[in-house]
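This briefing is for a reader new to the structure.

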There are 2 protein chains.
Amino acid sequence: MKVFKIPEATVMRLSVYSRYLYQLGREGVETVSSGDIAKGVGVSSAQVRKDLAYFGEFGTRGVGYKVEELYNHIIKILGLDQQWNVMIVGAGKLGSALALYQGFAERGFNITTVLDVDENIIGTKLGNIEVEPLEVLETRVKERNITIGVVAVPASAAQDVTDQLIKAGVKAILNFSPRVLKVPREVVLRNVDLSVNLEVLSFNLVFNS
Amino acid sequence: MKVFKIPEATVMRLSVYSRYLYQLGREGVETVSSGDIAKGVGVSSAQVRKDLAYFGEFGTRGVGYKVEELYNHIIKILGLDQQWNVMIVGAGKLGSALALYQGFAERGFNITTVLDVDENIIGTKLGNIEVEPLEVLETRVKERNITIGVVAVPASAAQDVTDQLIKAGVKAILNFSPRVLKVPREVVLRNVDLSVNLEVLSFNLVFNS
DNA sequence: AGCATTTTGTGAAAAAAATATCTATTATTT
DNA sequence: AAATAATAGATATTTTTTTCACAAAATGCT
């Protein structure tokens, strides 16, 4: 069990750093300073060092960090050195888009299963994944060793689907529905509310003027 | 110009409160306490009151808040009492899903235009919006009075599209590409990185076990 | 070799955010 | 009408997060 608590903001920044490092690596850059990273991703250099300090010492004073080495460290920290099997529930607009989104596979997220209740959608293909009926949820979670469930159903069905996912043994839930979900403490939950994002923009447009 | 700085977390929570209040309103509930809201959305009651206190006094001691009244206040605060015209650039999987997503229109976001560079996509219809070529960006922003631009293009094109949007007069950018964008200070920018969310889950799965 | 330069890692300080506590109002009950 | 209960709003406290600033290490230059 964890000893230190890592700020969520730190984890999110690590993800961003890793992407920047990947880019640098492809450009052939071998060494990078906290200041360079800071500039590249828009934070302070102290912030970069503080974030990394939670996990160890990865740099050399006076020199900086080896791009590839630091990248590998962060990938390991984020748990991206392993494959995660993912199930998406809901193959509407959003669910389909997520299923087809290439960015996930690149980071080790293996979308193995997509479910829906709509007869017209079941049986259709998203890339090479066939949409299956909700009934197979538990079977698939178990036989495909799925740890992460993505909830992309309407708000009204969200809690029910979540309960089913948890009962089937999923360990983490990414919720795209605009509904506050109840999950047991040991299940990791994250909410992505697309409207909220636009609304924060709207607020700032009104408030800053 | 703003005098107090409002925490972004507060703004996001207001958005969540508003949705909960809307739900309560439909259920016929007339009055609600900060404790009720807190329970409904999973925060503390003090947090609810604190968030609201940034903007005024909306309740009655010993009684609570009138649901409809508070809802209207929050909608006003968030700037959702007006229509915002939105352009989506990039009609790939994600851009299309966003264009078709009903949740935006419900909150006053009017997606008027969708652009892409791909010949095969231009001319196709998303709902009742026809995808147009990138060339019309500036014209459309001006003639349709577009304030919000959504960047849903690959990372490599993101900054270029952003620059064009800003040059055309857009005031806020919602960025779905995994790229750190540079924008002038007066332009409101928000990043939504779908992979980051899965990666935070992954981190927690590894770290909490 | 010594000195200047760079840059990390870190403890301390500051700022921001969340939580807890207290006070004032309103409504209700006795 | 007084006492009690509920609850917002304000204030104080605590916790968390960020920023600052500097000693320690590594490199390179003279």
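In this predicted model, a salt bridge joins the side chains of A:Arg19 and B:Asp193, at 2.7 Å from N to O. The count between chain A and chain B is 4 salt bridges. Side chains of opposite charge can pair when their charged atoms come close.

**Contacts across the interface**

- Between chain A and chain B, 17 residue pairs are in polar contact, with both residues at pLDDT 80 or more.
- On chain A, the elements that each supply at least two residues to the side touching chain B are α1 (8–26), α2 (34–41), α5 (93–100), α6 (102–106), β8 (172–175), β9 (188–191) and α9 (194–207).
- The most comes from α9(A), which gives 14 residues to that side of chain A.
- By residue type, the side of chain A that touches chain B holds 38 nonpolar, 12 polar and 10 charged residues.

**Extent of the interface**

- The contact between the chains involves 60 residues of chain A and 60 residues of chain B.
- The size of an interface is often given as the accessible area lost when the parts come together.
- Here chain A and chain B bury about 5500 Å² between them, and 73% of that lies on carbon and sulfur atoms.
- Of the area that chain A buries against chain B, 12% is supplied by A:Leu198, A:Glu199 and A:Phe203, more than by any other three residues.

**Salt bridges overall**

- Over all chains, the count comes to 20 salt bridges.
- One salt bridge within chain A pairs the side chains of A:Glu132 and A:Arg144, at 3.6 Å from N to O.
- This pair links distant parts of the chain, 12 residues apart.
- A:Glu132 sits in strand β6 (residues 129–133) of chain A, while A:Arg144 is in the loop between α7 (137–143) and β7 (148–151) of chain A.

**The second largest pocket**

- The volume of the second largest pocket is about 340 Å³.
- Its lining has 15 residues, and those nearest the centre are A:Arg49, A:Gly59, A:Thr60, A:Arg61 and A:Tyr65.
- Helix α3 (residues 45–53) of chain A provides the largest share of the lining, 3 residues.
- The lining of the second largest pocket consists of 5 nonpolar, 7 polar and 3 charged residues.

How values were computed. Residues numbered from 1 in each chain as written. Chains lettered and ligands numbered in written order. Predicted model: local features only at pLDDT ≥ 70, side-chain atom pairs only at ≥ 80, totals over all residues. Heavy atoms only, no water. 1 Å grid on protein atoms, 1.4 Å probe; cavity = no way out; pocket = protein on both sides within 12 Å on 5 of 7 lines; lining within 4 Å. Points joined across faces, edges and corners; volume = space filled by probe spheres on them. Helix = DSSP H or I, 4+ residues; strand = E, 2+ residues; numbered from the N terminus. Nonpolar A, V, L, I, M, F, W, Y, C, P; charged D, E, K, R; others polar. Contact = heavy atoms within 4.5 Å. Buried area = accessible area lost by both parts, 1.4 Å probe. Polar contact = N/O pair within 3.5 Å; in protein donor to acceptor, adjacent residues only side chain to side chain.
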